Amino acid sequence: METRIDQIADGIYRLSTFVPDIAPPAGFTFNQFLVLGDEPLMFHTGLRKMFPHNREALSRIIPPEQLRWIAYGHFEADECGAMNEWLAVAPNAQAAHGQTGCLVSLNDFADRAPRILADGEVIDIGRGKRVRFIDTPHTPHGWDAGVMYEESTGTLLCGDLFTQLGDGPALTEGDVVGPSIAAEDLFKYSSLNPAMGTTIRSLAALSPRTLAIMHGPSFSGDGAAALHALADEYDRRACAQPAVAAEAA
Ligand SMILES: [Fe+2]
Ligand SMILES: [Fe+2]
């Protein structure tokens, strides 16, 4: 297993591990993002069983014990399964997540008390980097779901939004909406809900220049347009559900 490291925006690194056995023959990537600052922040811990591997990969960028913040999208093994392993190697690190995530899972799960982030709260990690937490309940899944936005680079840390298969480039200017719709058809990973399109559209208001995608290539370009297209697709799907239910009834 190999982890590829690429800088996708100024001071933001993508650590990407490709697992060919998931959804073969395309395979699937697991990506973590390191935001460099005086207080380095990592978004996603990676799977617990991948920890030794991911620790080695991170150490190619910074000494892992320098990590200060560990954040993630929602409570799942790939998002935060290795939380306590990271807390053990980084004595000054603290988990950070939204109120729902902390009260439901993280207060109990994390070996040290997490920082509870309000919707819209910013962690100033120094060297001009400011990382904002944004609640996105049930989008794409998990009532604790949230994303982060690094203000200086305009980078949206999307979590599972825009999930796609395959081992594409680290950064693309191509289409990330079509491949994510294909992955949705295959995995059905989203909690389709009436607010989903509105939630995604609210992220478009940030006009991100880079989309840091957990499973798939990162995207450079008009992030708002991509988010609007994704929101429209989920509006269509959410609206389609009652009709299907009615037919079934
Ligand atoms: Fe997930
Ligand atoms: Fe994920």
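This is a predicted model: local features need pLDDT of at least 70, side-chain atom pairs count only at pLDDT 80 or more; totals for chains, interfaces and linings use all residues.
## The chain as a whole

Let's start with the overall picture. The protein chain contains seven helices and 14 strands. Its radius of gyration is 17 Å, which agrees with the value near 18 Å that a compact globule of 249 residues would have.

Along the principal axes, the C-alpha atoms fill a box of roughly 55 × 35 × 35 Å. Of the 249 residues, 55% are buried.

Now for the metals. Four residues hold the iron ion (ligand 1): H74 and H141 each through NE2, E76 through OE, and D160 through OD, at 1.9 to 2.2 Å. Reading along the sequence, these donor residues follow the spacing H-x1-E-x64-H-x18-D.

The angles among the four donor atoms run from 84 to 157°, and the site of the iron ion (ligand 1) is irregular. This site also brings together distant parts of the chain: H74 sits in the loop between β5 (69-71) and α2 (77-80), while D160 sits in the loop between β11 (155-159) and β12 (171-172), 86 residues apart. Both H74 and D160 are buried.

The iron ion (ligand 2) is coordinated at 2.2 to 2.7 Å. Its donors are D78 and D160 (OD), E79 (OE), M214 (SD) and H215 (NE2). Their spacing along the chain is D-E-x80-D-x53-M-H.

Are M214 and H215 buried or exposed? M214 has a relative accessible area of 1%, so this residue is buried. H215 has a relative accessible area of 3%, under the 20% cut-off, and therefore is buried too.

## What joins the two irons

Which residue bridges the iron ion (ligand 1) and the iron ion (ligand 2)? That residue is D160, and the two ions lie 3.8 Å apart.

L103, V104, I116 and W143 make a nonpolar surface patch of about 410 Å².

Key. Residues are numbered from 1 along each chain as its sequence is written. Chains are lettered from A and ligands numbered from 1 in the order in which they are written. Side-chain values use heavy atoms; hydrogens and water are left out. Donors are N, O and S atoms within 2.8 Å of the metal (3.2 Å for Na, K and Ca); water is not among the atoms, so sites may look incomplete. Buried means under 20% relative accessible area, exposed over 50%, partly exposed in between (1.4 Å probe, protein chains only). Four donors count as tetrahedral if all angles lie between 85 and 135 degrees; four count as square planar and six as octahedral if opposite donors are over 155 degrees apart and all others between 65 and 115; anything else is irregular. Helices (H or I, at least four residues) and strands (E, at least two) are DSSP runs, numbered from the N terminus. Patches are made of residues with over 30% relative accessible area and no salt bridge: like charges are joined within 9 Å, nonpolar side chains (Val, Leu, Ile, Met, Phe, Trp, Tyr) within 5 Å. Accessible areas come from the Shrake-Rupley method with a 1.4 Å probe; for residues, only the protein chains shown count as cover. A salt bridge is a side-chain nitrogen of Lys or Arg within 4 Å of a carboxyl oxygen of Asp or Glu. The radius of gyration is taken over C-alpha atoms; the globule rule is 2.2 Å times the number of residues to the power 0.38.
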